[in-house]
Amino acid sequence: MTAVPATGSRDTAAARVPVRGLTVLYDADCGLCAFLRDWLVRQPQLVPLELLPAASAEARRRYPGLDHRATLDEVTVVADSGQVYRSTAAWIVVLWALRAQRPLAHRLATPAGAPFARGAVLAAARWRESRRRGPRSDGRTYRQPDGWTYHPDIGWTFAPPACVGDACATR
């Protein structure tokens, strides 16, 4: 059966794609990941999503070839036909599986949309990392040693570490 988006036009690409189910591996100890998991299960899905805690016994049993440590650091999606998507591609394929988000997924998969998708993934990763390490804060502002700073009123900013003489700190 061909999916029909809200616009009324037929999504003929969906009929050619061999993916019939996706397993999303997520960090069950991450508040943002748990929030997104809960949001995903409430969304109308064109392709069924199964949410599975990353690095769990079940994930290790099903996918012995995956680097399960890495699945805790970046979202990983496994298709029923064996494709593995990580990071930005994983987010795009998850959006592609959702009825209301498929048009957005198509836009993010283009060269013009890719920087926006990558920016969203990086922002989520930075937020997660700030929570994992604990606040480096003056009460409201979180500072990272690599030069990134989060201000609640304006978001993330970057100021590269200062150079001393001819030597610059690298990470």
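Which residues of S1 are buried on one side, and which on the other? Leu-22, Val-24 and Tyr-26 lie on one side and Thr-23 and Leu-25 on the other, and all are buried, that is, under 20% relative accessible area, with exposed meaning over 50% and partly exposed in between (1.4 Å probe, protein chains only). The legends below concern a predicted model, in which local features need pLDDT of at least 70, side-chain atom pairs count only at pLDDT 80 or more, and totals for chains, interfaces and linings use all residues. Residues are numbered from 1 along each chain as its sequence is written, and side-chain values use heavy atoms, with hydrogens and water left out.

**Figure 1. Overview of the chain.** The secondary structure comprises seven helices and nine strands; these are DSSP runs (helices H or I, at least four residues; strands E, at least two), numbered from the N terminus. Of the 171 residues, 36% count as buried. The accessible surface comes to about 10400 Å², of which carbon and sulfur atoms hold 58%; the areas come from the Shrake-Rupley method with a 1.4 Å probe, and for residues only the protein chains shown count as cover. Among contacts (heavy atoms within 4.5 Å) between residues at least 6 apart in sequence, 50% join residues at least 24 apart.

**Figure 2. The four-stranded open sheet.** The strand order is S2-S1-S3-S4, and the pairing is mixed; two strands pair if DSSP finds at least two bridges between them. Strand S2 (49-53) and strand S4 (84-86) are the edge strands, each pairing on one side only. Neighbouring strands are turned by 20° against each other on average, direction ignored; axes are lines fitted to C-alpha atoms, for helices over the stretch in contact, and angles run from 0 to 180 degrees between N-to-C directions. Strands of a sheet pair through backbone hydrogen bonds, either parallel or antiparallel.

**Figure 3. Strand S1 and its two partners.** Strand S1 (residues 22-26) is mostly covered, with five of its five residues buried. S1 and S2 run parallel and are joined by five bridges, whereas S1 and strand S3 (residues 76-79) pair in the antiparallel sense over four bridges. Val-24 has Leu-51 as its bridge partner in S2 and Val-77 as its bridge partner in S3. Thr-23 stands opposite Val-78 in S3.

**Figure 4. Helices H2 and H5 against the sheet.** Strands S1 and S3 pair in the antiparallel sense. Helix H2 (residues 31-42) packs on the sheet, where it touches S1 and S2, and its direction makes about 155° with that of S2. Helix H5 (residues 87-97) also packs on the sheet, in contact with S1, S2, S3 and S4, and its direction makes about 110° with that of S4. Nine of the eleven residues of H5 are buried, among them Ile-92, Val-93, Val-94, Leu-95 and Trp-96.

**Figure 5. The nonpolar cores.** A nonpolar core is a set of buried Ala, Val, Leu, Ile, Met, Phe, Trp, Tyr and Cys residues joined through side-chain atoms within 4.5 Å. The largest core has 24 residues, of which Leu-22, Val-24, Leu-49 and Val-77 touch the most other members. S1, H2, S2, S3, H5 and helix H6 (102-108) each supply at least two residues of this core, and H5 gives the largest share, seven residues. Leaving out residues up to four places away in sequence, Leu-49 touches Leu-22, Val-24, Leu-40, Val-94, Ala-97 and Leu-98. A second, separate core of seven residues includes Ala-54, Ala-59, Tyr-63 and Val-78.

Figure 6. Ala-54 lies in the loop between S2 and H3 and is buried, with a relative accessible area of 9%. Its C-alpha atom is separated by 5.5 Å from that of Asp-27, 27 residues apart along the chain. Apart from neighbours within four places in sequence, Ala-54 is in contact with Leu-25, Tyr-26, Asp-27, Thr-71 and Leu-72. Ala-55 lies in the loop between S2 and helix H3 (57-62); although Ala-55 is not a glycine, it has a positive phi of about 65°. At 18% relative accessibility, Ala-55 counts as buried.

**Figure 7. Ser-87 in helix H5.** Ser-87 is found in helix H5 and has a positive phi of about 55°, although it is not a glycine. With a relative accessible area of 14%, Ser-87 is buried.
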